[in-house]
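Colleague: Could you take me on a close look at one part of this model, the charged side chains that pair up? I would like to know which ones meet and where they sit.

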Amino acid sequence: MVARLTLTRSQIVAFRRGIAALDSRLPPGADSLRRAAWAGLSDSMPRAALLSIHARVTGTPPDVLDDPALVQLWGPRFSAYVVAEPDAAIFSLGRFPDDERGRRRAVATADRLEHFLGGRTMTYGEAGRGIGIHPNALRYAAPTGRVRIRWEGARQPTIWTVPAPEMTPADAHRELGRRYLHVFGPATAASFSDWAGMKPPGARATFDGLAPELLAVATPIGDAWVLAADEPAIRAAEPSTDCDVRLLPSGDTWFLLQGRERELLVPDPARRASLWTPRVWPGALLLGGEIGGTWRRAGPMVSIEPWRPLTASERAAVEVEAASLPLPDINEIRVTWAG
């Protein structure tokens, strides 16, 4: 790889933040929901996708996941994901196995599930027992694009089947790669493999298929690729501290990173350890365009742990943002400060 463009950390962070709609919120509407979920929204923690949308779209209601513009499925790494309805094939069929054994298992599981359900919706536990397999094995059907779920955290997800998408697996693979590069770029095939839960050969094949659309770049953590179409925006990206406060939930796209990618977002190793913990990650406090602390919630109580002393106006802004979280059945959020 011969890098044609050298990028600084500040350029990369500013570009990603703009793409992620975290500089200023988008107006309400289906187009904004789709942009907020351009790389999918992890929903493995209860209400995570709801709070990720709230961080990006003005006036997000507590029942936004009922909006017909959105669907929920098992996406990258078989995690629960919320995606735009028109993009469901990309986040399911885009992970269709590249080996014959994996393809047969995916299709056979989807066929058995569709036959058993017969148009019904039920919990995945009931469906698994009815078919005679462990319910978790139903996730193998997800990459066919024929499965939808609804999970709200307190109970087992419900599951049903839909017609197979018209998109081909090859087209879905490439578009999933484009989505990843647009939101997480600069990136490599290896980082794409980690994020998508794809085997490395399949991830490399996806990047090879996108080769005419890619631009080689040098970054502080090594050589990588960006979409050539994104070059003007990356060149123009400028650091800014004039960004609104955001409380990003555990697993939010902004910090859903592995390996050295984390170094780019949070250079201090001690701070990285407090954000990417060995067990359940906390949420991230986005302050002045950078991650400036962590937060956790228990019912109506939100605990904030900033990484530096905050001014009175910064504290007030954090408390206003916490009070705006659109959590169902919670009338008043109370903020406590840790550290």
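Modeller: Happy to! One cut-off first: a residue counts as buried under 20% relative accessible area, as exposed over 50%, and as partly exposed in between. By that scale Arg308, with a relative accessible area of 39%, is partly exposed. Please keep in mind that this is a predicted model. The side chain of Arg308 meets that of Glu314 in a salt bridge, at 2.8 Å from N to O.

Another pair to look at is Arg260 and Glu263, whose side chains form a salt bridge at 3.3 Å, N to O. Here Arg260 is partly exposed at 46% relative accessibility, and Glu263 is partly exposed as well, at 30%.

Now turn to Asp87 and Arg179, where the salt bridge spans 3.1 Å from N to O. Asp87 sits in the loop between strand 4 (80-84) and helix 4 (88-92), while Arg179 belongs to helix 7 (residues 169-184), so this pair ties together parts that are 92 residues apart in sequence. Asp87 counts as buried because its relative accessibility is 0%, and Arg179 counts as buried at 2%.

Conventions:
Residues numbered from 1 in each chain as written. Predicted model: local features only at pLDDT ≥ 70, side-chain atom pairs only at ≥ 80, totals over all residues. Heavy atoms only, no water. Salt bridge = Lys/Arg side-chain N within 4 Å of Asp/Glu carboxyl O. Helix = DSSP H or I, 4+ residues; strand = E, 2+ residues; numbered from the N terminus. Buried < 20%, exposed > 50% of the residue type's maximum accessible area, 1.4 Å probe, protein only.
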